[in-house]
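Q: Please go through this structure and set each label against the rule behind it.

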Amino acid sequence: MEKGKGVMGAGRRWAVDFSDNSTAPSSRDIPDPPGFTRASVDQDDSAVSRQKKDAEANWKSQKAWEVAQAPFKNLLMMGFMMWMAGSTVHLFSIGITFSALWQPISALQGVGKVFEPYKDNKVDLLGPKLLFIALNLGGLALGLNTLGLLPTHASDWVSSLSPAQEVEYSGGGIPL
Amino acid sequence: MAIRSFLILFILFFFSSLNPILSLYEDQVGLVDWHQQYLGKVKQAVFHTHKTGRKRVVVSTEENVVASLDLRQGEIFWRHVLGSNDVIDGIDIALGKCHYPFIRRKYFESMESSRWADGVGIFSSGSKALKIITNLKIEKDNIVIIFSNGRLNAVSCIDGEVLWEKDFEGESLKVQQVIQPPGSNLIYVVGFVSSSLFEMYQINALNGELLKHESAAFSGGFLGEVSPVFSETVVALDSTGLILLTISFQNGKISFHQTPISNLVKDSFGPAKIITSSVTGIFAIKMNAVTIVIRVKDESKLEVVEKTNHETSISDALSISEGQQAFALVQHASHEIHLRVKLAHNWDDNLLKESVKMDQHRGLVHKVYINNYIRTDKSYGFRALIVMEDHSLLLLQQGEIVWSREDGLASIIDVTTSELPVERDGVSVAKVEHNLFEWLKGHMLKLKGTLMLASPQDVAAIQSMRLKNSEKSKMTRDHNGFRKLLIVLTRAGKLFALHTGDGHIVWSYLLQSLQKSKVCQHPIGLNLYKWQVPHHHAMDENPSVLVIGKCGPSSDAPGALSFVDTYTGKELSSLSLVHSVAQVIPLPYTDSTEQCLHLLIDADKHAHLYPKTPEAISTFEREFSNIYWYSVEDDNGIIKGHALRGKCTGEVADEVCFDTRELWSIVFPSESEKIIAIVTRKLNEVVHTQAKVIADQEVMYKYISRNLLFVATVALKGSVEIGSVTPEESWLVAYLIDTVTGRILHRVTHHGSQGPVHAVFSENWVVYHYFNLKAHRYEMSVIEIYDQSRADNKDVWKLVLGKHNLTSPISLYSRPDVITKSQSYFFTHSVKAIAVTSTTKGITSKQLLIGTIGDQVLALDKRFLDPRRTVNPTQAEKEEGIIPLTDSLPIIPQSYVTHALRVEGLRGIITVPAKLESTTLVFAHGVDLFFTQLAPSRTYDSLTDDFNYALLLITIVALLAAIFVTWTLSERKELQENWR
């Protein structure tokens, strides 16, 4: 520690700041090392890195789409398992139903985390995210449907309809 | 449906451990229910004599109850309620051997089945002229001589054997009096043959031998009753009611002596009426409002001893010592009653003179019975049992009311409910707020009980705390709507307001419009209706009820209306109507002060609208063409439908009088069908939904109409008692009739069945109970009616977007397309009444409340009476809650809502919704009253009363503490880890 401090402190002769993108020579008095031209480096580097970056972005968005589509397989599998499990009240079917509900919910909770590795300002993640969310919602709907919580039947819409009013009114009975 | 399957999945685990039966734990009895025992109007009272050493009085009442009351508190010592056919005509206590223990606690109803009860024989017969003579002795056996049904019987006290009998029926003799001269073995039977012949029979009481038979004619004829004045002299009135006849039959010689009433009193008041009394030498006559007490000096000399305008009652004679008779005279003066006890032969002196302040709401004194006791200074004291106009029973002693019983409540005609006032400053009557310490103490006790740490004393304290919870008898509205006023109208024409919390009488009011008056000789109370139900903008008004009565039993007797404030119990106004009241139709409209519009139909089929305000008329005229009414003439077997036509024409022209015209009529063939029961839906019933979701999420639309009438008819032969017809000649037909159009929507015949039919109509179903002659069992049938024309509404998108006409108003003239589903089940009990639970929103499932023949109320889940029950329900049907089909309905002992109690003489069951959706209030009345709360689907929307808040609080605090402690511990541990 002591040693490093000494080097860093007073004994520094020169330094190149690679992050300095200015075309002008280093601000210090010391000239650039021979063979070091700022402009060409910039030129060269940008071409290569752009290519690289494009490839990476492509790869990222591809990956993101893949990840987004992943729940679809899950959905199919879940559907198959539910079909296998049947609709009877059974430990197995209850377990399946719960997992069918839980998986999409937990996946939805972690949407940000799932797509974090593919975060890039050049990659548009909205599409994959939406697909991911939609597929998971589909999975959730499948789970809810097995529980019968989706209002897909006429009975779900009429079960609280109050009786129609009658226009006529009549009363009477056996004379008192 | 979807929700339900979801529930099934989750809640099945919870419900698997629960039983669907609703029952009480022993310590829950009396928490929400109360039971009151009554007797009815006392007809006759007999005091136990000194010899028996018991301070009791035996009474018989108009509700056919015989009871023994404790004289100190007026509590019922024992009570027998006889059937409605066993009318009690007289009771008496037989002395001597009749008191032996082996004949105690039994009673006998007729001569043929002689049984004995505690020395009290009960003879029921149709005859009014009943007389019981006791105190006769043959050898060691006491005999009792009974006159009933035109027959004189002598019955042995030991075994109830009939020793001899003498029949007067065949001799066309109308027996007026049976007289036994004290100390002799003779019996005189006097009476009239036709209207002018007086007959006297002298009979030996020991063997029934006829000793003498004399008769004499009196040209003037006789009127009404005779009053015995001496052992061989009676007093009667001639047919004009202006001349008093003294008839003596000494030594078998009949002689008449006439005394015109005008000789006795200067001014005449019209025809007189004899008030019979058994006091020697004294009788009374009544002319209009004037009562005259007359003393008979010797055979012929009459002397007026008192003339009064006050209502007077005279008791029977009470022999206090050898040859001395005492009797009581009660006179009514505005706020007081004057009681005088005199000796029979000494009018001028009073043995006792007392004035007792009397509540005006008890009316006049109807009857008085006296009893003597020996004071500590060996002098005679008297106590008087008086029966008031409102049927209440009071014991007077030493100028004070010792106790009183509101026995008018045994004969309730109609019941309605009223809300209590909203709690505001100064409104609260009962004080319930106790301090925090007491609250905590109570909850600590409860906690101890929950944790099973309570000692027996603590348990008792907890129980009494629960029962005495002053919260339930508070006089203000509660959040759950459990506290209400039950307004009941009794046969005596008195209104009572009972608190649903503990059944105490909040106020009572003797209706002036239902009291005897010059214009109205025989007033009858008919019905009670809610007149004003304030809510929303009329919150400051007090609610009121409408009492409808009429003068006399005939159909064209003028009606009487009374409006009574239900908070104060004061009569707001009363109306004597010029028209009669044949029907009362409460209309579903109110005016701006929340007064309900009522349509009264008179015997001439004119409709009269009340209230008579211009606002009410304008409201009514707006709905004029949509109002119909129907009349059921059960004697002729005709049901007629009517519509309103216009203002009355002719002499009865009135702003609020409307003419009606007949629209349709249904005539039942008189030789094969007789109407025995009609039922409609309750007016205030709320139906939650028109759809019924069945298995597989299919929808059936209920046919819900307020204008449906259920009619049951039986074959003429089947309208008699069960057992007298063969199954082939008896049938029962059930109809569902639309009362607006007269359309018969459904008709079903039950062959081999007969009445009586009890039915209940609710939502889209009707359940009825009858007897199946073929199976020799009672049956209950259910008819559910569904609207097929709505069944096509199946498109989910239309329903989602609301593009359907399911809730738009419908006219009954549109062609209905209905289907019915029905099913019959055997039922063990015969039934006195059926009702159905009702809740505020109509969401909670229904229970039938069946008043059984044992005077209990049984709750039966409507699911048992589902027409869709099948032997093997599918999985989906099971999920829907369909019970596998059985041939009979189960009677689960725990589902008696009256638990161990009996509502003697049960006549009606009323259900009222509480504000809490799960709960319904049930009031059953007969001779007894019973009230309870029911939750047909358990109290799913509230915590129970005995929920332990303290335990909850402590648990939360403990959990918080635990969290805090573990958190600090874990913090510390983490720190230590880091330091390592």
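A: The model is predicted: local features need pLDDT of at least 70, side-chain atom pairs count only at pLDDT 80 or more, and totals for chains, interfaces and linings use all residues. Residues are numbered from 1 along each chain as its sequence is written, chains are lettered from A in the order in which they are written, and side-chain values use heavy atoms, without hydrogens and water.

Q: What makes β16 and β19 of chain B edge strands?
A: The open sheet runs β16-β17-β18-β19 (chain B), and β16 (222–230) and β19 (255–260) each pair on one side only.

Q: Which strand of chain B pairs with β1(A)?
A: β44 (residues 627–633) of chain B does, in the parallel sense over 5 bridges. A:Gly171 stands opposite B:Trp629 there.

Q: How many residues of chain A are in contact with chain B?
A: Taking contact as heavy atoms within 4.5 Å, 32 residues of chain A touch 60 residues of chain B.

Q: How many salt bridges are there between chain A and chain B?
A: The count is 0, where a salt bridge needs a side-chain nitrogen of Lys or Arg within 4 Å of a carboxyl oxygen of Asp or Glu.

Conventions:
Pairing = 2+ DSSP bridges. Helix = DSSP H or I, 4+ residues; strand = E, 2+ residues; numbered from the N terminus.
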